[in-house]
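Reader: I've got some questions about this one. Can you walk me through it?

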Amino acid sequence: MTKKVQEKNIDGKTKLVGLLATPIGHSLSPRMHNLGYTLTGINYAYLAFEVGNDQLEATVNGFKSAGVAGFNVSMPNKMKVLDYLDELDDSAKYARASNTVVNRDGKLVGYNTDGLGYVKNLIEHGVKLEDQKVTLVGSGGAATPIAIQLVQSGIREISIFARNDDFFVHAEENVNYINNEMKEFGVKANVFPLEDKEAFRREVAESAILANGTSLGMKPLDHLSIIDDTLDVLRKDLIVTDVVYNPQKSKLLSQAEEAGAKPINGLGMMLWQGALAFKLFTDVDMPIQQVKEILFGDE
């Protein structure tokens, strides 16, 4: 008797979507998107590719030549990928980074779903953004769209901290962009080196939200936190958010919880940015609640 097996729906008509990042082993995106394809019954497959800046151009060109449906881009490629795309949606143009690339009839179009995904996650957790001040750590491919979307979401002020290294200029560019190109939103933006602990303490004390927009705290850096040297900034009415979702409770969020602050991890942001990208790739809505229940349980 022939043993009955459950075949995966891969055939000659399957459309490929990929993820380009390094490190990539922690990512939940392949499982999330493939689960969405299964639940909706559409013929797509999502695979992860260990790719950094050095291999990015060749990989993007190869994907374009092969006619893939599109691909997601994660650290450290979100800014560099702009060099290899044909067009940019406003979401990627304003953020100066792309996490979602769609092949539209042979043209690679870059989008950014990170910022809106982050804001949707906050709203889902009952966080009020209107007229609030936010302290954001980071100025890279995840932090930049978060800053840009927060400015469009009703906050009154944002203070951006970044390490005082060769990339500090990105933080300065983000602040200049908000203060000059986004004047109509009436948001004041400030920039400080993360090494300035006095400024960090002052700005967090004046903020309703402290946001980590860096990979610090993500495996293999899960033993680190942006506040290891400034634990005294935590207080009971502070909301502490993290883009990190693996581990689900980063060191930063454990520190926040111990201090009585409200911790919000990156799982919701990851789900929402993924759902927005899913729609761009397939023109089909991801069944968000089903995916959330299966992937995250009660999280």
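Predicted model: local features only at pLDDT ≥ 70, side-chain atom pairs only at ≥ 80, totals over all residues.

Reader: Okay, let's start with Ser159. Is Ser159 buried or exposed?

Author: Buried means under 20% relative accessible area. Ser159 has a relative accessible area of 0%, so Ser159 is buried.

Reader: And which residues is Ser159 in contact with, leaving aside its neighbours within four places in sequence?

Author: Ser159 has its place in strand E8, residues 157-162. With the neighbours within four places in sequence left aside, its contacts are Lys133, Val134, Thr135, Leu136, Asn190, Phe192 and Glu203.

Reader: Now Val191. Which residues is Val191 in contact with, again leaving aside neighbours within four places in sequence?

Author: Val191 is found in strand E9, and with a relative accessible area of 28% Val191 is partly exposed. Leaving aside neighbours within four places in sequence, Val191 is in contact with Ile160, Phe168, Ala171, Glu172 and Val175.

Reader: How many Å apart in space are Val191 and Tyr44?

Author: In sequence, Val191 and Tyr44 are 147 residues apart. In space, C-alpha to C-alpha, the separation of Val191 and Tyr44 is 43 Å.

Reader: On to electrostatics. How many salt bridges does the structure hold?

Author: Side chains of opposite charge can pair when their charged atoms come close. The cut-off for a salt bridge is a side-chain nitrogen of Lys or Arg within 4 Å of a carboxyl oxygen of Asp or Glu. The salt bridges in the structure number 16.

Reader: Take Asp114 and Lys78. How many residues apart in sequence are the parts that this pair ties together?

Author: Asp114 forms a salt bridge with Lys78, with the closest N and O atoms 2.6 Å apart. Asp114 lies in helix H4 and Lys78 in the loop between strand E3 (70-73) and strand E4 (87-88), so the pair ties together parts whose separation in sequence is 36 residues.

Reader: Are Asp114 and Lys78 buried or exposed?

Author: The cut-off for buried is under 20% relative accessible area. Both Asp114 and Lys78 are buried.

Reader: What do the buried residues of H4 pack against?

Author: Helix H4 covers residues 114-124, and its buried residues are Asp114, Gly115, Gly117, Tyr118, Val119, Asn121 and Leu122. After H4 comes Gly126, with a positive phi near 75°. The buried residues of H4 pack against helix H5 (143-151), strand E10 (209-212), strand E11 (239-242), strand E12 (262-264) and helix H9 (267-282).

Reader: What about Glu87, which residue does Glu87 form a salt bridge with?

Author: At 38% relative accessibility, Glu87 counts as partly exposed. The closest N and O atoms of its salt bridge are 3.4 Å apart, and the partner is Lys107.

Reader: Which residues are linked in a network of salt bridges?

Author: One of the residues in contact with Ser159 turns up here, namely Lys133. The network of salt bridges links Lys133, Arg156, Glu157, Arg202, Glu203 and Glu206.

Reader: Last one. Which residues gather in a patch of negative charge on the surface?

Author: One of them, Glu195, lies in the loop between strand E9 (188-193) and helix H7 (197-205). Glu195 is partly exposed, at 43% relative accessible area. Gathered in the patch are Asp165, Asp166, Glu195, Asp196 and Glu198.

Technical notes. Residues numbered from 1 in each chain as written. Heavy atoms only, no water. Patch = residues over 30% accessible without salt bridge, like charges linked within 9 Å, V, L, I, M, F, W, Y side chains within 5 Å. Areas by Shrake-Rupley, 256 points an atom, 1.4 Å probe, with all protein chains shown as cover. Lys, Arg positive; Asp, Glu negative; His and termini not counted. Charge placed at Lys NZ, Arg CZ, Asp CG, Glu CD. Helix = DSSP H or I, 4+ residues; strand = E, 2+ residues; numbered from the N terminus. Buried < 20%, exposed > 50% of the residue type's maximum accessible area, 1.4 Å probe, protein only. Contact = heavy atoms within 4.5 Å.
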